[in-house]
Amino acid sequence: MMKITAYADQVSVAPGETINFMVNCGAKSFKADIVKLICGDTNPDGPGYKEKVIRTAVSGTYKGRRQRIHAGSFVEIGNAEVFNRLQSFTLQAFIWPTTPEKGRQTVISNWSHVEQSGAQLIIEADNGGVGLTLGAGKGKVQTFATGKPLLTQEWYFIAASFDAKTKTIQLIQEPLHTHVGCNDQARQTRIAKFGKSPLHNYLVTLGAQFLRHDKGRIVCQHHYNGKIDSPRIASRALDLGEMEALKRNVVPSALTDDVVAAWDFSVDITGTCVRDITENRLHGEIVNLPARGMTGWNWSGDEMSWRHQPEQYGAIHFHDDDLYDAGWEVDFSLVVPKKLKSGLYAARLRCGDDGDSEDYVPFAVLPPRGAVTAKICFLLPTGSYMAYANEHMAVDVPIAQLLSGRLLEHDRQDIYRHEHREYGASCYDTHSDGSGICYSSRLRPILNMRPKCRAWIGGKGSALWQFNADTHIIAWLEALGYEYDVVTDEELHRDGLAAIAGYDAVLSSSHPEYQSRQMWDAMDAYQQTGGRLMYLGGNGWYWRIAYHSELPGVMEVRRAEGGIRAWEARTGEYYHSFTGEYGGLWRRNG
């Protein structure tokens with residue numbers, strides 16, 4: 001078992017800049033050193049593992065501590081006085097559940113776990129139907145359910161209203177499908193045992209139930225798997241006609257004074273904000289990057305791009321295993337020495353004598369900003385590293401041995417990330433609900449982007465793949481005495497041609513598979529102006545990706561209509577939510 005794991009807030013830094021390291025350590029202390037990585041491959045038939053310790057101010061011993069990852073996506077609306085005054089109310093939304101049988105899942109929540117008070121529109125645990133939980137304090141919690149199981153991957157309109165004066169509850173479960181013989185429609189009236197809830201000051205969340213705060217982070221439970229579209233909250237018990245009128249993305253004038261919030265997920269799809277279209281402007285923020293730009297309940301199939309008819313893309317797909325930023329606290333920071341040469345480096349962390357008590361966090365040291373210090377540039381494929389980050393193919397794919405052509409060996413990183421799914425998976429994996437993972441972040445420990453790490457993909461008798469294969473190129477440059485700079489995909493994407501314009505030659509990596517439009521254009525412009533690309537890879541410039549304009553360190557891939565795909569995007573969801581660009585293979589993009 002690994003006793004220490006870590007990550008950094010940057011994948012590349014220039015001299016004089018700061019990189020922060022976040023460490024989860026199960027021992028009382030750990031030792032940190034900065035090393036230059038020359039060859040990360042431990043295969044005895046290769047060049048041999050090579051690293052060089054670099055003297056820096058961060059070398060030393062640090063106090064160990066546990067740091068946790070809280071996976072699962074949701075929308076945080078936050079505290080709002082208008083919610084806290086509610087006694088009577090209506091909660092409604094369209095949902096497309098993917099695991100209704102999995103247990104209790106929250107759609108809309110205004111709830112205090114400590115006080116056991118508030119209200120929640122849920123999928124209840126017993127048989128996967130729609131339910132409403134009301135809480136008036138400890139010992140005064142009731143859950144009402146339709147008792148009709150929801151079908152997987154079908155749209156429903158669901159609603160729950162509560163009249164505090166009469167204690168009357170209305171539950172609505174209305175299927176939008178036309179399957180014959182399905183007993184999944186329900187309209188029920190119930191009477192609650194308890195009336196008014198005490199005045200409160202609780203968070204409103206969509207897609208999960210707020211549980212507690214942990215070092216500034218919001219921790220939720222009962223995460224929902226599936227799509228939510230057009231969630232609404234009203235300040236009184238609406239009748240069926242009023243609920244029907246409130247389904248659209250315009251609040252009827254007759255309900256203006258009654259509708260507290262009406263969130264339209266089709267607005268600002270490229271961003272992180274969830275917009276409330278009422279005058280209250282109770283906007284929210286997405287947490288852990290649920291998938292946006294997804295087909296909604298009213299998608300007709302006439303348009304494949306959310307940019308052209310965004311009103312049909314008003315759904316967000318939530319997952320209980322989504323992860324963007326692990327959110328750990330900083331344990332130590334390195335100010336890169338101004339005379340440190342550009343190259344591939346890592347923070348080496350150790351907390352014991354055995355091999356399991358070691359972790360590395362690789363990063364590139366760039367040349368000084370605006371400078372070129374060699375004729376050769378090695379382009380580190382961080383986009384491809386992120387696409388494969390923490391992949392579970394060796395343990396999850398039934399035909400993994402057939403694909404690799406050999407018996408598989410699982411090392412400590414394989415086993416650890418299999419047991420700790422909260423560390424997130426790769427864009428080759430699927431979520432717990434079976435949908436493809438289209439986002440991947442580097443703001444978490446990436447346990448297969450490590451020196452000394454084996455990988456299940458590779459030729460017979462070899463486990464050389466991606467990161468450690470790329471260190472062979474570094475080892476070759478070092479062995480022959482070539483001067484070189486290291487630049488990553490992030491610089492090429494952000495700075496374009498300027499990132500590589502001054503070099504006589506740019507060396508690709510062993511597997512530069514994932515490329516954004518900006519990266520493609522920069523490399524094309526470089527060659528058109530006389531630069532030379534030395535292509536040392538296979539399967540390069542294959543998948544088109546996008547980077548988020550607001551959030552650092554996260555990429556997106558939509559596996560569209562061609563290519564060798566571990567999963568396939570659903571029809572109508574081929575366009576990147578980060579940029580609106582068509583995804584898939586570059587050759588299908590012309």
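Modeller: A pocket here is an open set of grid points with protein on both sides within 12 Å along at least five of seven lines. Please bear in mind that this is a predicted model.

Colleague: About how much space lies in the second largest pocket, and which residues are closest to its centre?

Modeller: The second largest pocket holds about 470 Å³ of space. Its lining comprises 25 residues. Those closest to the centre are H70, I218, V287, N288 and D325.

Colleague: Which strand provides the largest share of the lining of the second largest pocket?

Modeller: Three strands, β7 (74–78), β18 (217–221) and β22 (284–287), each supply at least two residues of this lining. By class, the lining has 13 nonpolar, 7 polar and 5 charged residues. The largest share, 4 residues, comes from β18.

Colleague: What is the volume of the largest pocket, and which residues are closest to its centre?

Modeller: The largest pocket has a volume of about 780 Å³. It is lined by 35 residues, of which the closest to its centre are M393, V397, Y428, D429 and A566.

Colleague: Which element gives the most to the lining of the largest pocket?

Modeller: The lining of the largest pocket divides into 18 nonpolar, 9 polar and 8 charged residues. Helix α4 (393–396) and strand β29 (439–441) each supply at least two of the lining residues. The element that gives the most, with 3 residues, is β29.

Colleague: Which residues touch the most other members of the largest nonpolar core?

Modeller: In soluble globular proteins, nonpolar side chains tend to be buried together. The largest nonpolar core in this model has 86 residues. One of its members, I95, has contacts beyond four places in sequence that include V107, I123, L150, W155 and Y224. The members that touch the most others are F83, I95, L134, I233 and W263.

Colleague: How many residues are in the second, separate core?

Modeller: Among the members of this separate core are V487, Y503, V506 and V557. The core has 27 residues.

Colleague: Is L349 buried or exposed?

Modeller: L349 lies in strand β26, which spans residues 343–350. Beyond four places in sequence, L349 touches residues including I4, V23, F30, F332 and V361. Buried means under 20% relative accessible area. L349 has 1% relative accessibility, and therefore counts as buried.

Colleague: What distance separates the C-alpha atoms of L349 and Q153?

Modeller: L349 and Q153 are 196 residues apart along the chain. Their C-alpha atoms are separated by 45 Å.

Conventions:
Residues are numbered from 1 along each chain as its sequence is written. This is a predicted model: local features need pLDDT of at least 70, side-chain atom pairs count only at pLDDT 80 or more; totals for chains, interfaces and linings use all residues. Side-chain values use heavy atoms; hydrogens and water are left out. On a 1 Å grid over the protein atoms alone, a cavity is a set of points where a 1.4 Å probe fits but cannot get out, and a pocket is an open set with protein on both sides within 12 Å along at least five of seven lines; lining residues have an atom within 4 Å of a point. Grid points are joined across faces, edges and corners, and a volume is the space filled by probe spheres set on the points. Ala, Val, Leu, Ile, Met, Phe, Trp, Tyr, Cys and Pro count as nonpolar, Asp, Glu, Lys and Arg as charged, and the others, Gly among them, as polar. Buried means under 20% relative accessible area, exposed over 50%, partly exposed in between (1.4 Å probe, protein chains only). Contact means heavy atoms within 4.5 Å. A nonpolar core is a set of buried Ala, Val, Leu, Ile, Met, Phe, Trp, Tyr and Cys residues joined through side-chain atoms within 4.5 Å.
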